[in-house]
Amino acid sequence: MRLRNIPGSREIIAENPFVVPEGEPIRGHWKKRFGNENPVHIEIGMGKGRFLITLAEKNPNINYVGIERYSSVLLRALQKMEENPLPNLLFLRMDAETLEDIFEKEEVSKIYLNFSDPWPKDRHAKRRLTSRTFLARYDKILKSEGRLEFKTDNRELFDFSVEELAAAGWKAESISYDLHNDPILMKDNIMTEYEERFSSMGNPICKYSIYRERKVHERKDKKSEIEKD
Ligand code: SAM
């Protein structure tokens with residue numbers, strides 16, 4: 001989503017109370033920042049923020065962080081927040097490449113990716129937010145039992161994303177190639193701006209929920225060691 005560049009948006013964002021300023025030493029301090037012990041869930045590439053704002057309204061006991069690269073896009077989310085401020089939602093204007101500077105090991109309990117940019121050229125595969133390169137970054141910041149959910153209408157990107165899982169040590173808990181016709185997965189579905197647009201054009205929506213296979217084994221191994229002792 002590349003909205004028209006809005007002059008001054010960077011400055012407006014820098015002063016907004018819902019945005020964590022660039023350079024603030026926030027890594028390892030999210031709970032303190034929110035003023036509670038609640039889990040932290042993040043959306044990367046949140047666009048205009050409707051998905052995360054709806055989640056934050058529905059779940060006051062979860063802290064949400066929305067990450068967006070472009071100031072002009074983030075500004076739209078801030079306008080919505082001004083009408084309806086939420087204490088459990090904060091935003092960051094940043095590129096997800098530097099996630100590990102912002103979140104400590106296992107500081108995040110859930111990651112959402114919605115309608116991520118496809119980067120169709122092979123030489124740009126590493127930039128896809130579901131590539132093994134990014135999965136390795138999520139591996140560092142996500143709790144061992146944490147889940148990552150991804151939705152897209154782009155079947156090529158989705159097939160690529162499913163293929164990346166095994167190489168990166170992740171496993172699918174659920175996969176749907178037609179989310180909107182899956183009554184179980186649709187039960188708690190929250191539509192994003194892009195989802196509404198593409199599903200109204202008749203495009204099937206794909207979704208997976210994934211976890212780290214290795215981390216689950218590590219936990220089981222630890223448990224059996226404790227049982228042996
Ligand atoms: N998630 C929203 C939705 O479903 O309606 C927006 C989808 S839009 C296609 C993708 C968004 O991700 C854009 O706003 C883009 O700027 C942002 N984005 C893409 N790559 C990013 C990155 N590496 N770091 C942060 N934001 C990114």
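E106 sits in the loop that links β3 and β4, where helices (H or I, at least four residues) and strands (E, at least two) are DSSP runs numbered from the N terminus. The phi angle of E106 is near 60 degrees, a positive value in a residue other than glycine. Most residues other than glycine have a negative phi. With 25% relative accessibility, E106 counts as partly exposed; the classes are buried for under 20% relative accessible area, exposed for over 50%, and partly exposed in between, with a 1.4 Å probe and protein chains only. A positive phi, near 50 degrees, is also found at F115, again a residue other than glycine. F115 belongs to the loop between β4 and α5 (132–141), and its relative accessible area of 9% makes it buried.

The model is a predicted one, in which local features need pLDDT of at least 70 and side-chain atom pairs count only at pLDDT 80 or more, while totals for chains, interfaces and linings use all residues. Residues are numbered from 1 along each chain as its sequence is written, and side-chain values use heavy atoms, with hydrogens and water left out.

We turn next to the ligand. It is surrounded by 19 residues, of which G45, E68, A96, N114 and T192 are the closest; a residue is near a molecule or strand if one of its heavy atoms lies within 4 Å of it. By class, this shell holds nine nonpolar, four polar and six charged residues. Here Ala, Val, Leu, Ile, Met, Phe, Trp, Tyr, Cys and Pro count as nonpolar, Asp, Glu, Lys and Arg as charged, and the others, Gly among them, as polar. A polar backbone atom of G45 lies 2.9 Å from a nitrogen atom of the ligand, and a backbone N or O atom of N114 is likewise 2.9 Å from a ligand nitrogen. For E43, an N or O atom of the side chain is 3.4 Å from a nitrogen atom of the ligand. Of the 590 Å² of accessible area that the ligand has on its own, the protein covers 97%, by the Shrake-Rupley method with a 1.4 Å probe.

E43 itself is part of strand β1 and, at 2% relative accessibility, counts as buried. Beyond its neighbours within four places in sequence, E43 is in contact (heavy atoms within 4.5 Å) with F51, L52, V65, G66, I67, Y112 and N114.

In α4, the buried residues are S71, S72, V73, L74, L75, A77, L78 and M81, and they pack against α1 (9–14), α3, β2 and β3.

Finally, K207 is located in strand β7 (residues 206–212) and counts as buried at 10% relative accessibility. Its side chain makes a polar contact of 3.1 Å with that of E149; such a contact is a pair of N or O atoms within 3.5 Å, and within protein one must be able to donate a hydrogen and the other to accept it, with residues adjacent in sequence counting only if both atoms are side-chain atoms.
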